[in-house]
Amino acid sequence: MQLDGKTPSGPLQNKWDKYRFETKLVNPANKRKYSIIVVGTGLAGASASASLAELGYDVQAFCIQDSPRRAHSIAAQGGINAAKNYPNDGDSIWRLFYDTVKGGDFRAREANVYRLAQVSNNIIDQCVAQGVPFAREYGGMLANRSFGGAQVSRTFYARGQTGQQLLLGAYGALSRQIGAGKVQMYTRRELVDIVIVQDKARGIIVRNLITGEMERYAADAVILATGGYGTVFYLSTNADSCNVGAAFKAYKKGALFANPCFTQIHPTCIPHTSDFQAKLTLMSESLRNDGRVWVPQDPTDNRPPNQIPEEERSYFLEEKYPSFGNLVPRDVASRNAKEQCDAGRGVGPTGYAVYLDFADAIKRDGQDVIRRKYGNLFDMYQNITDDNPYETPMMIYPASHYTMGGLWVDYELQTTIPGLFSLGESNFSDHGANRLGASALMQGLADGYFVIPYTIGPYLTTNGVSEVTADHQAFHDAARKAEEQDRKLLSINGNQTVREIHVKLGKIMVNHVGMARNAAGLKQAIEEIKSLREEFWQDVKVPGTASDYNLSLQKAGRLADFLEFAEVMALDALERDESCGCHLREEHQTEENEAKRDDDNYCHVAAWEYDGYGNTPKFHKEPLVFENVELTQRSYK
Ligand SMILES: Cc1cc2nc3c(=O)[nH]c(=O)nc-3n(C[C@H](O)[C@H](O)[C@H](O)COP(=O)(O)OP(=O)(O)OC[C@H]3O[C@@H](n4cnc5c(N)ncnc54)[C@H](O)[C@@H]3O)c2cc1C
């Protein structure tokens with residue numbers, strides 16, 4: 001299969017304008033003839049639904065939660081990037097573009113990233129107009145702070161609740177369209193299949209989570225904005241309901257899955273303490289603006305942190321990376337924390353934690369200033385750990401947080417299935433092998449507010465209004481298949497709960513497909529995942545019935561997808577025999593243990609095509625061409 005990213009020709013700075021000028025527009029009077037399904041109402045889906053409806057399209061929007069406001073985007077804490085250059089510290093669209101490409105270790109498409117940087121400024125204007133309460137300076141100017149991988153302050157924020165405030169803005173815009181009758185909102189619905197008729201996406205099957213009924217919906221195009229798959233590791237900073245289901249169903253129907261092994265482990269999470277834990281909590285990266293990361297120099301030093309003198313501490317990030325210090329990108333910070341703990345210098349009950357210390361910042365700025373900046377994060381930390389971070393350093397350790405991999409999409413955000421688009425974290429498009437902090441919110445809102453409203457037009461004008469309705473046989477077949485899977489899951493009646501098997505999968509993934517990977521471990525993981533999948537289908541116990549609210553059944557369906565998808569992740573990590581960004585293959589490291597890329601052989605997007613249950617998927621490549629930046633060894637020294 002030839003993968004065509006459909007990147008417009010011409011100079012990088014002009015590509016998006018050129019695309020928009022040359023693209024076929026949909027006449028305003030015709031827009032109301034087209035119907036679009038949007039699955040997901042996080043930042044990407046809510047902004048897309050609102051914008052498309054505002055343009056005049058008929059939208060049907062779906063989400064798992066009881067309200068769009070509860071999408072996982074609400075958890076985002078630290079901020080959203082944009083190249084406004086308000087602090088006058090040297091930022092520009094070009095610098096945001098460059099930092100993002102470099103941060104992703106040169107494994108993203110230049111044109112997509114440049115467009116992202118261009119529209120970043122529109123996002124801030126849009127959100128301010130909606131009333132999003134971004135932090136402001138004394139004089140009224142919007143405030144900025146720094147995030148990893150950048151030497152400028154370009155992150156806009158609303159204390160530690162940026163995602164929540166942005167989502168309320170998008171939800172307001174969405175609600176306006178629900179009120180206007182342009183968006184039909186379906187909550188508590190989970191996509192269980194995508195319906196393809198004559199090679200085009202024509203609709204979806206969803207489980208009504210309250211009644212259990214399989215419902216059928218048809219439209220002229222389908223957009224997936226269903227988030228990331230970090231919960232494949234079981235313990236992660238993601239919401240419990242995050243899943244790979246919708247993207248994986250698309251993959252099984254022919255959409256290619258790109259770079260599945262590119263998963264981000266975030267350095268600043270509250271460490272894992274017991275096997276009963278269902279979730280890990282993020283401490284926002286913004287804390288690294290003021291917090292200093294350290295461990296005791298002597299591995300046997302068990303004194304409380306406040307009793308360890310300065311000269312006996314190792315501020316390992318500041319020492320190793322003097323230019324970026326504590327604000328190195330996430331992959332670099334995570335690997336270094338692991339390295340310290342593996343060398344026995346970790347702290348806390350398990351030895352798998354490092355300190356994040358605010359004593360200097362509090363001495364410099366005073367407690368009130370620190371409270372104003374991070375108060376809710378400090379409270380959250382204290383509520384969970386019962387330690388007061390104003391008095392004693394936080395303890396942090398890396399955890400699964402974000403997935404750069406996702407459905408392969410072209411410049412128009414269209415998958416390899418015509419009429420099926422993917423936005424936000426569910427696609428692979430902009431972050432390469434490592435996402436920089438505060439760039440996911442930017443991408444989700446860029447895709448929804450400013451990209452898809454243009455790029456869906458050419459598909460609709462070329463393909464016209466579909467005559468396919470939800471009574472088409474393809475819908476009946478897909479719904480029946482989903483019901484059959486439910487019956488099968490309910491009938492196994494084995495001895496292990498869904499959670500128990502998910503925990504086992506998580507351990508395999510953390511041990512072999514996590515922060516550091518090697519060929520032997522990945523091969524072992526593939527075998528272990530296969531046998532765990534067999535175990536699941538023979539021994540899982542799913543109580544209850546299919547005709548009411550059954551959380552175990554929902555989770556069993558999601559785990560069934562993860563048990564297949566995890567193998568594709570491991571396979572992708574094995575195939576990519578280089579290190580880049582978050583993907584550290586232990587065989588390929590520089591002398592200083594940094595990721596060592598192999599641009600001659602791996603400067604491409606890896607895209608996998610489903611080839612039937614249990615078979616090895618087919619491998620495709622989209623070569624990455626860099627005409628505007630030089631591929632260098634990343635250095636944050
Ligand atoms: C704790 C935390 C803090 C973060 N902080 C930041 C930050 O400060 N800055 C930043 O840039 N990024 C941050 N991120 C990342 C960022 O929040 C996410 O990448 C982003 O919000 C994803 O948005 P989305 O719209 O793509 O997906 P989501 O917000 O995950 O929304 C997915 C939607 O899809 C729906 N859905 C999923 N599967 C199905 C299905 N099968 N059927 C029907 N509906 C489905 C869900 O109901 C939901 O509505 C953070 C992430 C975490 C975990």
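Around the ligand

A: (Ala, Val, Leu, Ile, Met, Phe, Trp, Tyr, Cys and Pro count as nonpolar; Asp, Glu, Lys and Arg as charged; the others, Gly among them, as polar.) The model is predicted: local features need pLDDT of at least 70, side-chain atom pairs count only at pLDDT 80 or more, and totals for chains, interfaces and linings use all residues. Residues are numbered from 1 along each chain as its sequence is written.

Which residues come nearest to the ligand? Of the 47 around it, they are Gly-40, Gly-42, Ser-73, Gly-227 and Gly-424. (Helices, H or I with at least four residues, and strands, E with at least two, are DSSP runs numbered from the N terminus.)

Now follow E15. Strand E15 belongs to an open sheet of five strands, ordered E11-E15-E14-E12-E13, with antiparallel pairing. (Two strands pair if DSSP finds at least two bridges between them.) The edges are E11 (263-269) and E13 (313-314), each pairing on one side only. E13 joins strand E12 (292-296) in the antiparallel sense, over two bridges. There, Val-295 stands opposite Ser-314 of E13.

Helix H9 (residues 330-342) packs on this sheet. H9 touches E11, E12, E14 (354-357) and E15. (Contact puts C-beta atoms, placed from the backbone, within 7 Å.) The direction of H9 makes about 65 degrees with that of E11. (Axes are lines fitted to C-alpha atoms, for helices over the stretch in contact; angles run from 0 to 180 degrees between N-to-C directions.)

Another open sheet has four strands. Their order is E16-E10-E18-E19, and the pairing is antiparallel. Strands E16 (406-407) and E19 (618-623) are its edges, and each pairs on one side only. E18 (residues 604-609) pairs with E19 over six bridges, in the antiparallel sense. Glu-609 faces Lys-618 of E19 across this pairing. Helix H16 (residues 551-575) lies across E10 (257-258), E18 and E19. H16 runs at about 145 degrees to E18.

How values were computed
A residue is near a molecule or strand if its C-beta atom, placed from the backbone, lies within 6 Å of it. Two residues are in contact if their C-beta atoms, placed from the backbone, lie within 7 Å.
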